[in-house]
Amino acid sequence: MTARRTILGGMLGLALAGSTSGFALAQEAVKVGLILPMTGPFASTGRQIDAAVKLFLAKEGAVHGGRKIEVILKDDTGNADTTRRLAQELVVNDKVAVLAGFGLTPLAMATAPIATQAKVPQIVMAAATASITEASPYIARTSFTLPQASEPMADWAWANGIKKVFTVVTDYGPGIDAETSFANKFKTAGGTVESVRVPLRNPDFAPFLQRVSEAKPDALFVFVPSGVGAQFMKQFVERGLDKAGVKLIGPGDVVDDDILEGIGEVAQGAITTHHYSAAHDSPANKAFVEAFQKANPGMRPNFMAVGGYDGMALIAKALEATKGDTSGDKLIAAMKGAGWESVRGPIKIDPDTRDIIQNIYVRKTQKVGSELHNVEFATIKDVKDPVKARK
Ligand code: DHB
């Protein structure tokens, strides 16, 4: 029995060795482990990215650099311990060439040591705390950073007569990044800022909004993660802040396209700065939104979908550059400096930081026909993550 097992094992070994050469190599799929919150409070991020990844493969094909991309989707429910375990299993058991997804900062951070140890590229399609790309030399990002989106908001607010701002942010990496980058820039310009932070899990905004109501600022700067904006806006109205003349400003996460129609009229007039709006006026984006909505009836692509779509494009471009070689070092080297015309506008992976360089748009939430949209009216071109740019 033992001898037989050894022989079988030997044959299996030969078969595997044979499959890594020449023609057989071309047939072997390149596995991408896609880890997303498909259930739980952040499922909208998972749904958006999953849909975008499928759309990329349908539109651009699965074969790149002569290799077929096979996506293995795993649900981490938004729990970092689960993300870490899934990443480990994907690397050790499934032998994935790339890890991708990461709907929240703690989930991306939990995976970084695994990417480093295994030398497997980790493509961050959603999470947006500035420091994430510094957690592993194998991380590249196709989403954005909160300072990248929030500093232009400070410039716009000061230039438009806003002097006193209250900030309300979710109390973890991206919220703290949004608050500090906005406040530093706005105070340097001459403005005053008061700040509160709200828990990530089961947030109740009412007591914080009460303080805002008493402080009577010119504007309320808000960061909440994608999908949470509807709950925030409901309490904003319940506290009467919409009637009190407090202008809503911030990075675009609070008026995310996934939930904007659900938020309704109260969002009208919000001014936000972000890297993507489904209303972005270009032929490429119109075609993207149309194809996305055809494949996913009733759903509008948001900035998470675009991070997922471009994340797949980055993996495909790297495979094309290495001619199908899946060595992690070669793939990440090919990703550095890669640039193309995304549906959000021109983008490039910064070769020094592996973060994304992109336009930030100033937008106003308003009706377009019968639908609510974030309509872009100004562009700040080729913005780098300012935190790393200052280092
Ligand atoms: C993060 C999550 C979000 O949903 C978002 O809109 C921005 C940042 C994050 O956890 O990094």
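Helices H3 and H11 are roughly perpendicular to each other (angles of 65 to 115 degrees count as such). This is a predicted model, where local features need pLDDT of at least 70, side-chain atom pairs count only at pLDDT 80 or more, and totals for chains, interfaces and linings use all residues. Residues are numbered from 1 along each chain, and side-chain values use heavy atoms, without hydrogens and water.

**Helix packing**
- H3 spans residues 43-60 and H11 spans residues 283-295.
- Their axes (lines fitted to C-alpha atoms over the stretch in contact) lie 10 Å apart, at an angle of about 105°.
- H3 makes the contact (heavy atoms within 4.5 Å) with Gln48, Ala51, Ala52, Leu55 and Lys59.
- H11 contributes Ala287, Phe288, Ala291 and Phe292.
- By class, this contact has seven nonpolar, one polar and one charged residues.

**Ligand surroundings**
- The ligand is surrounded by 14 residues (a heavy atom within 4 Å).
- The closest are Thr105, Ala128, Tyr172, Ser226 and Asp253.
- A ligand oxygen atom is 2.8 Å from a polar backbone atom of Ala128.
- For a polar backbone atom of Ser226, the distance to a ligand oxygen atom is 2.9 Å.
- An N or O atom in the side chain of Asp253 is 2.5 Å from an oxygen atom of the ligand.

Conventions. Axes are lines fitted to C-alpha atoms, for helices over the stretch in contact, and angles run from 0 to 180 degrees between N-to-C directions. Helices (H or I, at least four residues) and strands (E, at least two) are DSSP runs, numbered from the N terminus. Angles under 35 degrees count as roughly parallel, over 145 as roughly antiparallel, 65 to 115 as roughly perpendicular and the rest as oblique. Ala, Val, Leu, Ile, Met, Phe, Trp, Tyr, Cys and Pro count as nonpolar, Asp, Glu, Lys and Arg as charged, and the others, Gly among them, as polar. A polar contact is a pair of N or O atoms within 3.5 Å; within protein, one must be able to donate a hydrogen and the other to accept it, and residues adjacent in sequence count only if both atoms are side-chain atoms.
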